[in-house]
Amino acid sequence: MKNPFQFFYSSKGKPLPHAPQPLPEPAPEIEAHRSEQPEKPQDSFIEYCRSRIRGGIERRERNDIYEAYSVYGEDHGALTCRYYHRYPEHERSFDLSDSRALGFEDFNKRLLAELDKGGISLHDYHACIARAEALSSMDKTDDLPLFEGFSQGEVDALRAFCDSMDIFSDREYRTGEGIFRCSCLSAVGDESLSLWFRKPLPHDALRREVSGVKRESIYGYDIENLWMLGVYNRLSERCTAARVTRLTSEWSLDHESVCLIEAEGFPAVGGTLLIAIADEAAFPRFGFYSLDFANK
């Protein structure tokens with residue numbers, strides 16, 4: 001077949017001066033740049049702390065076992081909570097399922113709820129809330145010492161106090177995340193009772209209203225339960241002052257209640273000591289830090 005571009009060449013086979021020149025091959029570095037994927041924008045979220053991984057059951061088409069955790073921090077200058085979850089039966093990595101900007105009050109409330117559930121440590125709470133205070137330019141209204149948990153001497157004093165009350169038997173003790181717990185039975189009738197001890201926090205839920213919880217200040221002799229009254233009387237003998245608040249669940253048909261005592265001058269325990277007293281059936285649904293009756 002005759003070459004249709006032959007007229008661009010001389011009789012000696014050389015290209016004519018005005019013949020079109022072939023395009024140069026692209027440089028290797030240019031080709032490599034073209035093949036690169038566009039970079040993803042950098043995440044602006046700054047992590048303060050994260051909760052422990054917890055598992056549960058979530059009903060979809062069937063019951064699925066899932067794992068989840070929350071991350072607390074800031075994003076573009078706003079306090080933010082992110083929630084991650086995965087279904088370990090068929091997913092290897094956690095996925096972000098929710099990210100929400102919060103005000104300081106809601107941010108603090110979620111952290112207090114994490115403390116109640118054992119999701120974060122008391123140390124992590126203090127470190128996280130300090131950064132949230134700085135970001136929100138909070139003015140501290142309480143000049144409370146930083147509570148990192150009871151010392152061994154304070155734990156011994158609280159245990160000795162519980163041991164000295166002959167109105168109880170079958171005592172069991174547990175300590176964790178700044179709370180000293182005593183579970184026991186009444187000396188008559190084997191009524192179960194729980195006593196939880198801790199100290200107040202600068203942004204304590206004790207100082208604000210909580211939805212679904214009715215609170216009222218009462219006198220010691222207004223305590224209806226005989227065994228709770230016995231605890232109050234023993235505290236009054238040892239402390240310089242004891243104030244009583246009754247917390248009642250407005251969302252419960254049984255109107256479950258918790259007696260909260262603020263004791264001042266407890267021997268070997270400086271500052272204010274908070275004691276929450278309730279029967280064993282009510283306490284699993286009572287948050288001692290968040291002071292709510294959400295089902296834990």
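**Entry 1**

I began with strand β6 (residues 168–176), which runs antiparallel to β7 and is joined to it by 7 bridges. I count two strands as paired if DSSP finds at least two bridges between them. Strands here are DSSP runs of E with at least two residues, helices are runs of H or I with at least four residues, and both are numbered from the N terminus. This is a predicted model, so I kept to its limits: local features need pLDDT of at least 70, side-chain atom pairs count only at pLDDT 80 or more, and totals for chains, interfaces and linings use all residues. My residue numbers start from 1 along each chain as its sequence is written, and side-chain values use heavy atoms, with hydrogens and water left out.

I looked up the partner of T175 and found F180 in β7. The hairpin of β6 and β7 has 2 residues between the strands, and E177 there takes a positive phi near 50 degrees.

L185 has S192 in β8 as its bridge partner. I noted 5 residues between β7 and β8, with G189 in the turn at a positive phi of about 85 degrees.

Is β7 enclosed or open? It is largely enclosed by the rest of the structure, because 6 of its 8 residues are buried. For me, buried means under 20% relative accessible area, exposed over 50%, and partly exposed in between (1.4 Å probe, protein chains only).

**Entry 2: aromatic rings**

I pair rings of Phe, Tyr and Trp (its six-membered ring) if their centres lie within 6.5 Å; planes under 30 degrees apart are stacked, over 60 edge-to-face, and the rest tilted. This rule gave me 15 aromatic pairs. One of them is F180 with F197, a tilted pair at 5.9 Å centre to centre and 50 degrees between the planes. The pair links distant parts of the chain, 17 residues apart: F180 lies in strand β7 (residues 179–186) and F197 in strand β8 (residues 192–198). F180 is buried at a relative accessible area of 1%, and F197 is buried at 0%.

I then checked F286 and F293, whose ring centres are 5.6 Å apart with planes at 55 degrees, so this pair is tilted. F286 is buried at 2% relative accessibility, and F293 is buried at 3%.

**Entry 3: charges over rings**

My test asks for NZ of Lys or CZ of Arg within 6 Å of the ring centre and within 35 degrees of the ring normal. The charged end of R181 sits over the ring of W196, 4.7 Å from the centre. I also found R198 over the face of F288, at 4.7 Å from the ring centre.

**Entry 4: a loop residue**

I stopped at Y87, in the loop between β4 (78–86) and β5 (95–101). Is Y87 buried or exposed? Y87 is buried, at 3% relative accessibility. Its C-alpha atom is 6.4 Å from that of E67, although Y87 and E67 are 20 residues apart along the chain.
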